[in-house]
Amino acid sequence: MGIEKIIFYVFAALSVYGALMVITVRNPVKAALYLVFTFFASAGVWILLEAEFLAIVLVLVYVGAVMVLFLFVVMMLDINLAQLRAGFVRYLPVGVAVAVAFAVMLIMLVGGDWFGGFAPPPPSPAEVSNTRELGRLLYTVYVYPFEIAAVILLVAIVAAIALTLRRRSGVKYQTPGQQIAVRRQDRIRMIDMPSEERK
Amino acid sequence: MTFELSDLLTLLPETVLLGITCAILIADLFIPQRSRMVTYLMVQTALVVTLLLLLTSFAGERQVILSGTFVRDTVGDVLKIAVLLAAFVTFLYARDYLRARNMFRGEYYVLGLFGVLGMMILISAHSLLTIYLGLELLSLSMYAMVVLQRDSSLASEAAMKYFVLGAIASGMLLYGMSLLYGVTGSLDLAAIAEALQAGRAPGVILSFGLVFILIGVGFKLGAVPFHMWIPDVYHGAPTAVTLYIGGAPKIAAFAMLLRLLVEGMPGLHEHWQAILVVLAVLSMALGNVLAIAQTNIKRMFAYSTISHVGFLILGVLTGTDSGVASSLFYTLTYVLMAVAGFGMILFLSRQGFEADELDDYKGLNQRSPWYAALMLVIMFSMAGVPPFLGFWAKLVVLEQVVAAGMTWLAVVGVVFSIIGAFYYLRIVKLMYFDAPEDTSPLNPNVEMRMALSLNSLAILYLGVFPGGLLALCQSAILP
């Protein structure tokens, strides 16, 4: 067993462990942190696949930005843990039975043996730039799906704003333009006062 | 790959629609609420322009462009034209309803247009990737439209259910697609069909992937047992949105069935046929029986949709070209009837009154004989009474099922249509033989009166002369 395989199994095991913890821990903040851990482990697997750019983007974008935002949201929401846990024991037997049956079926039916039809691609030479190749593919072969994905994101923005933007009356807000345009005379009044003597 | 300028020409309708939609999105910000009509007119212009672009290049040579992700063919053109027409009529019917409920804002129309774009992308998809993306674009727009009336708890509940179930269904679909990709090594539908035909892929994985894909498609179509969302969403959403969801997206769902199964997996026909038989029988049975128990007309239409989806599947499952053509005919017929049916609910509703209970239709004949007659046409057509269009749709589908040697299935279809006729005819009875409870005058705008009359008369006209539409459907599918 080569070093590559050992690294693969270590990272794969870590990411499976992290993913399991995400759905089993009770505290949502811990779950989010385990998700971060899972992303790190998957980034390791991607580096092994020579997808360095994707691995770095995964860490930067998902771990650095998305999950941190998510953590903020989870911490700000007052999630009632007792309510989340209600019914856990009642649904546990059914859930476990379905999960085990499903896992057994998956392992029997879609094990790795069936996917041997294609030889792994040869490792690319050292001078091939991962980032450049990705960019080239996105803007040539996959330009149409890429553009549609952009439209989907636009729709998501429109939908999010349409659903949350409310114009309330009587809201107090600041107008930065007026704040900047303020002059000294508007705020400070100079008063002449005779000095008093200390008694 | 080489990028030809002519590729962009083939893609012109979609590109133009996207461009105008984005322009409307921005222009709408600067339009004051009292002149929101301008937005409405721009939206309808966008649809008409796209329609004209499609018509000028209608039924050209079949072209697969953009590295096999996009296909332009006659059946796609027919479906897209139907989608655009359905959306046009939908927006027209919805206008007064939205205005009366303080929802006459740009969001409904912009999201609606993005949904139309998603449908067009789905119809023209030639790769698993574009099918998924088109579907998501359509679904995302619809999730948001359902909950546009934010203060309605019924709508929020419906949207939440729709969103969660829709996300699960998308996950199932993606998992199935990934399995299919794993064993065929391609996302391109033509390449997948070829790999399956050559028998290069292991059967176990294929049937496993196929099941997951069918779960996803079944959900989007609303076939039993993946129909749970339909009654709640149809009932909970504002009627203007129900009209949108109940109309054009059914055409897109049919296109998805066509592209994925008939074009992508003809080699697995006997596998998917068996599953579709179960879906079709369950849908026809459950839809028709449960519709009888409903007192809300939107819920009743929801269950009736489920039963019509069962019929629609019947044609596709034969796997023959003429079978698929009969399904296409059924889809177009159904959308024509559904748009008219929901249009009638909008027609009767007014400020503060939804007209969505069956009792609201009591004595319609005394209030307005003409519109009662139109509703009669719609109901008879949905029930499949000759000489209305719905009869021919059912007939051609059943004909193809018998031709494929599944006479028992055709008998099941007939039995459940007869059971289904009950709840359509009940509305006719309410309209003609009961005294009206509500006698307020009906005064929708002139355009709505004309469009609704035309829409219903089209059902009658096409029922008397179905040849043209039938020939169009056949020429679209048959090579």
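Q: What covers the buried residues of α7(A)?

A: This is a predicted model. Parts of both chains do the covering. The cover includes α6 (130–139) of chain A. From chain B it includes α2 (12–27), β2 (70–72), α5 (106–123) and α6 (128–146).

Q: Which residues of α7(A) are buried?

A: Start with the general idea. An α-helix has 3.6 residues a turn, so residues three or four places apart point the same way. Now the case here. Buried in α7(A) are A:V143, A:Y144, A:P145, A:I148, A:V151, A:I152, A:V155, A:V158, A:A159 and A:A162.

Q: How many residues of chain B are in contact with chain A?

A: Count residues on each side. Here 38 residues of chain B are in contact with 27 residues of chain A. Then look at area. The two chains bury about 2,900 Å² between them, with 83% of it on carbon and sulfur atoms. B:L133, B:R150 and B:F208 supply 20% of the area that chain B buries against chain A, more than any other three residues.

Q: How many salt bridges and polar contacts does the rule find across this interface?

A: It finds zero salt bridges between chain B and chain A. Four residue pairs are in polar contact.

Q: Which helix of chain B gives the largest share of the side that touches chain A?

A: That is α6(B), with eight residues. By class, this side of chain B has 27 nonpolar, seven polar and four charged residues.

Definitions and conventions
Residues are numbered from 1 along each chain as its sequence is written. Chains are lettered from A and ligands numbered from 1 in the order in which they are written. This is a predicted model: local features need pLDDT of at least 70, side-chain atom pairs count only at pLDDT 80 or more; totals for chains, interfaces and linings use all residues. Side-chain values use heavy atoms; hydrogens and water are left out. Buried means under 20% relative accessible area, exposed over 50%, partly exposed in between (1.4 Å probe, protein chains only). Helices (H or I, at least four residues) and strands (E, at least two) are DSSP runs, numbered from the N terminus. Contact means heavy atoms within 4.5 Å. Buried area is the accessible area (1.4 Å probe) that two parts lose on being put together, summed over both. A salt bridge is a side-chain nitrogen of Lys or Arg within 4 Å of a carboxyl oxygen of Asp or Glu. A polar contact is a pair of N or O atoms within 3.5 Å; within protein, one must be able to donate a hydrogen and the other to accept it, and residues adjacent in sequence count only if both atoms are side-chain atoms. Ala, Val, Leu, Ile, Met, Phe, Trp, Tyr, Cys and Pro count as nonpolar, Asp, Glu, Lys and Arg as charged, and the others, Gly among them, as polar.
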